[in-house]
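Please look through the sequence and the structure below before reading the briefing.

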Amino acid sequence: MNKDYYALIMAGGVGSRFWPVSRTEYPKQFIDFFGVGKTLIQSTYDRFLKICPPDNIFIVTNEIYVDLVKEQLPQLSENQILAEPLLRNTAPCIAYGSLKIAELNPNSTIVVAPSDHTIGNMDEFVRSIEQSLDAASKNDCLITLGIKPNRPDTGYGYIQHTDYVLNTDTDLHKVKTFTEKPNLELAKSFIQSGDFLWNAGIFIWSSKAILKAFEKHLPDMYEIFNVGRAELNTAGEKEFINNAYFQCTNISIDFGIMEKAENVYVLPADFGWSDLGTWASIYEMAEKDYVGNAVIPSEQVIMFDSSNCMVNVPKDKLVILQGLHDYIVVENNNMLMVCPRNEEQRVKEFVAEVKSRFGNKFI
């Protein structure tokens with residue numbers, strides 16, 4: 001296992017689309033949605049143990065979740081948990097993590113990944129990441145993984161690539177454009193063209209390459225973190241980072257760097273990826289009975305004349321459902337959500353309405 005390979009796992013999101021199971025104080029990355037005995041962040045950590053030494057895996061999260069990270073990943077040292085004082089999107093957390101790792105190892109090559117994705121084919125995932133890490137360690141490039149699409153999905157961003165490859169030893173294609181979530185007609189045209197991939201939000205680069213990109217494309221943010229880089233991995237890190245974050249703009253790595261840089265490449269990949277963005281995506285990934293019901297857990301759920309439903313309730317709750325078809329039924333802490341699977345946008349709108357009226361009391 002290469003000692004210069006590092007993983008930076010992003011685990012700061014609040015996961016409001018999975019209300020009421022995922023709430024501000026206990027978001028989706030810390031939940032076992034499939035009843036497999038591991039939460040999403042634990043599964044993500046275990047994946048990267050196949051790629052990086054355990055000491056080279058870092059978690060960046062909101063400071064309010066540090067105790068949850070320690071509870072679910074007790075093998076991590078204090079220095080492997082990066083606490084953000086407030087939400088500032090992905091660019092600041094990647095700048096923070098990349099500088100911290102670069103101070104530990106100037107020859108580091110880093111894979112950055114969300115903590116709440118699922119992977120179906122582990123061997124293919126490891127192969128794709130290791131191929132990208134190898135290429136990034138030898139070339140001044142920024143790599144992202146693109147998932148081969150199987151439908152015109154409007155919930156994902158898209159990456160368009162050219163036929164130009166980084167070198168003959170890889171399948172890394174130069175990126176032409178990034179497109180945020182398109183409408184259905186545009187998504188259909190992307191699929192038909194054959195040169196668009198889903199944006200998985202997984203990035204690979206050397207610490208030298210990404211810091212050079214920050215210095216060029218987000219110079220103010222680079223300077224905010226670089227001025228105190230000597231404080232990283234020391235007792236002064238927390239105070240420095242708390243001050244730094246309040247100076248940072250709220251911007252994503254995609255918009256701040258990836259859409260601007262000239263040395264961006266994408267690796268087409270197919271390893272059973274899902275970003276678990278909605279309850280409908282949980283339904284697609286979950287095991288189902290002979291009439292299409294996905295019930296997690298299933299011990300005390302009784303269903304009559306019901307099909308193609310997603311049911312997620314606590315183990316100690318007795319639930320009886322009759323006459324429901326294509327519905328999502330979720331209960332947690334005596335909060336119940338029932339909605340048609342094809343109208344899940346209502347959940348996001350409802351959560352936003354509750355938050356505007358009551359703050360985070362019920363969210």
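Predicted model: local features only at pLDDT ≥ 70, side-chain atom pairs only at ≥ 80, totals over all residues.

Residues are numbered from 1 along each chain as its sequence is written, and side-chain values use heavy atoms, with hydrogens and water left out.

**Domains**

- The chain is divided into domain 1 (5-274) and domain 2 (285-358), with bounds that come from an automatic or database domain assignment.
- The centres of the two domains, taken over C-alpha atoms, are 30 Å apart.
- Domain 1 gives 12 residues to the contact and domain 2 gives 17 residues, where contact means heavy atoms within 4.5 Å.

**Nonpolar cores**

- A nonpolar core is a set of buried Ala, Val, Leu, Ile, Met, Phe, Trp, Tyr and Cys residues joined through side-chain atoms within 4.5 Å.
- Buried means under 20% relative accessible area, exposed means over 50%, and partly exposed lies in between (1.4 Å probe, protein chains only).
- The largest nonpolar core has 48 residues, and F48, F125, I129, I202 and I204 touch the most other members.
- Helix α4 (residues 122-138) gives the most to this core, with 6 residues.
- Helices (H or I, at least four residues) and strands (E, at least two) are DSSP runs, numbered from the N terminus.
- Leaving out residues up to four places away in sequence, I204 touches several residues, including I110, I129, L133 and L142.
- Another core, of 47 residues, lies apart from the largest one and has L82, A209, I257 and M258 among its members.

**Helix α6**

- In helix α6 (residues 207-217), the buried residues are S207, A209, I210, L211, A213, F214 and H217.
- These buried residues pack against α3 (90-104), β4 (109-114), β6 (142-147), β9 (196-206), α7 (219-226) and α9 (253-258).

**Surface patch**

- I302, F304, L318 and I320 form a nonpolar patch on the surface, with about 400 Å² of accessible area together.
- Patches are made of residues with over 30% relative accessible area and no salt bridge; like charges are joined within 9 Å, and nonpolar side chains (Val, Leu, Ile, Met, Phe, Trp, Tyr) within 5 Å.
- Accessible areas come from the Shrake-Rupley method with a 1.4 Å probe, and for residues only the protein chains shown count as cover.
- I302 lies in strand β13 (residues 301-304) and counts as partly exposed because its relative accessibility is 37%.

**Positive phi angles**

- N89 is not a glycine, although its phi is positive, at about 70 degrees.
- N89 sits in the loop between β3 (81-84) and α3, and its relative accessible area of 38% makes it partly exposed.
- D326, also a residue other than glycine, has a positive phi near 60 degrees.
- The place of D326 is in the loop between β15 (319-322) and β16 (327-332).

**Salt bridges**

- The structure holds 14 salt bridges, each a side-chain nitrogen of Lys or Arg within 4 Å of a carboxyl oxygen of Asp or Glu.
- R229 and E103 form one of them (2.9 Å, N to O).
- This pair links distant parts of the chain, 126 residues apart: R229 is in the loop between α7 and α8, and E103 is in helix α3.
- In the salt bridge of D326 with R341, the closest N and O atoms are 3.0 Å apart.
- D326 is partly exposed because its relative accessible area is 33%, whereas R341 is buried, at 18%.
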